[in-house]
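The sequence and the model are shown below.

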Amino acid sequence: MSDDLVVLVVDDDFHVGRLHAGFVNAVPGFTALTPVGTAEQAMRTVHAHQPDLVLLDVYLPDALGLDLLRALDVDVIMLTAAADPASVRTAVRRGALAYLIKPFPNERLARTLRAYSRYRRLLADRDALTQETVDRALHALHPGETASPGERTRSATEASVLAALEPGVPLPAAEIARKVGISRATAQRYLSALAEDGSVEIQLRYGSTGRPEHRYGPAAP
């Protein structure tokens, strides 16, 4: 649990808040705090628990979520029935990372959370970022969008490396190289690039001695 991203759901409807918290807990890598229903409770909980992400409704009994958005120094995704253009523009202008209109299927929220997780991984543990990494991180938030004309396309070898990965069965670079028919060093280079853009997840396998072995699998969709 210590590695999970912690999420606070803020919704004036207690039952909806619990439902959304349940959706969050069902996504691997995420843990939901107890939902709250007012702006005041949200501010107190954020200060006390410092969640990674807030899922915020627009309509709260003591304030508009759009006004609360300006006061929250934390990543925010809007989950709301407010479908008017002004609310969407205001939310984006004030820093919301995404905007989901109720009602939505739980898979839609799960997909958004997984995109947020990839965004966080791309920006983690780096002293300095390249422009390409920033572009990939921002694109990871909205993976369904059409690629821009200048965006990098996958080479045939890179696509073959990605296709060789097996869901649920992380493989070492040497095995992936054998399956594709390339050298281990070449496979390692492509795997590093795929991990950089969030397409591949890396796991460490520890033996009895020596350094841990890196194993690679496809990132969750």
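The sections that follow move from the whole chain to its sheets, selected residues and salt bridges.

## Basis of the description

The model is predicted: local features need pLDDT of at least 70 and side-chain atom pairs count only at pLDDT 80 or more, whereas totals for chains, interfaces and linings use all residues. Residues are numbered from 1 along each chain as its sequence is written, and side-chain values use heavy atoms, with hydrogens and water left out.

## Overall composition

The protein chain has nine helices and eight strands. Both kinds of element are DSSP runs numbered from the N terminus, helices being H or I with at least four residues and strands E with at least two.

Of the 221 residues of the protein chain, 40% count as buried. Buried denotes under 20% relative accessible area and exposed over 50%, with partly exposed in between (1.4 Å probe, protein chains only). The accessible surface comes to about 12400 Å², and 52% of this belongs to carbon and sulfur atoms; the areas come from the Shrake-Rupley method with a 1.4 Å probe, and for residues only the protein chains shown count as cover. Among contacts (heavy atoms within 4.5 Å) with a separation of 6 or more, residues 24 or more positions apart account for 50%.

## Strand pairing

Strands are taken to pair if DSSP finds at least two bridges between them. Strand 3 (residues 53-56) and strand 4 are paired in the parallel sense over four bridges, and Val54 has Val76 of strand 4 as its bridge partner. Strand 4 is mostly covered, with five of its six residues buried.

An open sheet of three strands has the order 6-8-7, with antiparallel pairing. Strand 6 (171-172) and strand 7 stand at its edges with a single partner strand each, so one side of each is left without a neighbour in the sheet. Strand 6 is joined to strand 8 (residues 213-218) by two bridges, the two strands running antiparallel. Leu171 has Tyr216 in strand 8 as its bridge partner.

Thr80 belongs to strand 4 (residues 75-80) and counts as buried at 0% relative accessibility. Its side chain reaches the backbone nitrogen of Ala82 at 3.0 Å. Leaving aside residues up to four places away in sequence, Thr80 touches Asp57, Val58, Tyr59, Tyr99, Leu100, Ile101 and Lys102. His20, in helix 1 (residues 14-25), is also buried, with a relative accessible area of 5%. With the exclusion of residues up to four places away in sequence, His20 touches Val9, Asp11, Leu79, Lys102, Phe104 and Leu109.

Ile202 lies in strand 7 (residues 200-205) and is partly exposed, with a relative accessible area of 43%.

## Salt bridges

Twelve salt bridges are found in a search of the whole structure, each defined as a side-chain nitrogen of Lys or Arg within 4 Å of a carboxyl oxygen of Asp or Glu. Arg70 and Asp67 meet in one of them (3.7 Å, N to O). Both lie in helix 3 (residues 65-71), three residues apart, which is about one turn of the helix. Arg70 is exposed, with a relative accessible area of 56%, whereas Asp67 is partly exposed at 36%. Asp67 also forms a salt bridge with Arg94, where the closest N and O atoms are 3.2 Å apart. This pair links distant parts of the chain, 27 residues apart: Asp67 is in helix 3, and Arg94 is in the loop between helix 4 (85-93) and strand 5 (98-101). Arg94 counts as partly exposed at 26% relative accessibility.

In helix 6 (residues 131-140), Glu132 and Arg136 are four residues apart, about one turn of the helix. These residues form a salt bridge with the closest N and O atoms 2.7 Å apart. Glu132 is partly exposed, with a relative accessible area of 40%, while Arg136 counts as buried at 15%. Elsewhere, salt bridges that share partners join Asp11, Asp57 and Lys102 into one network.

Terms used. A polar contact is a pair of N or O atoms within 3.5 Å; within protein, one must be able to donate a hydrogen and the other to accept it, and residues adjacent in sequence count only if both atoms are side-chain atoms.
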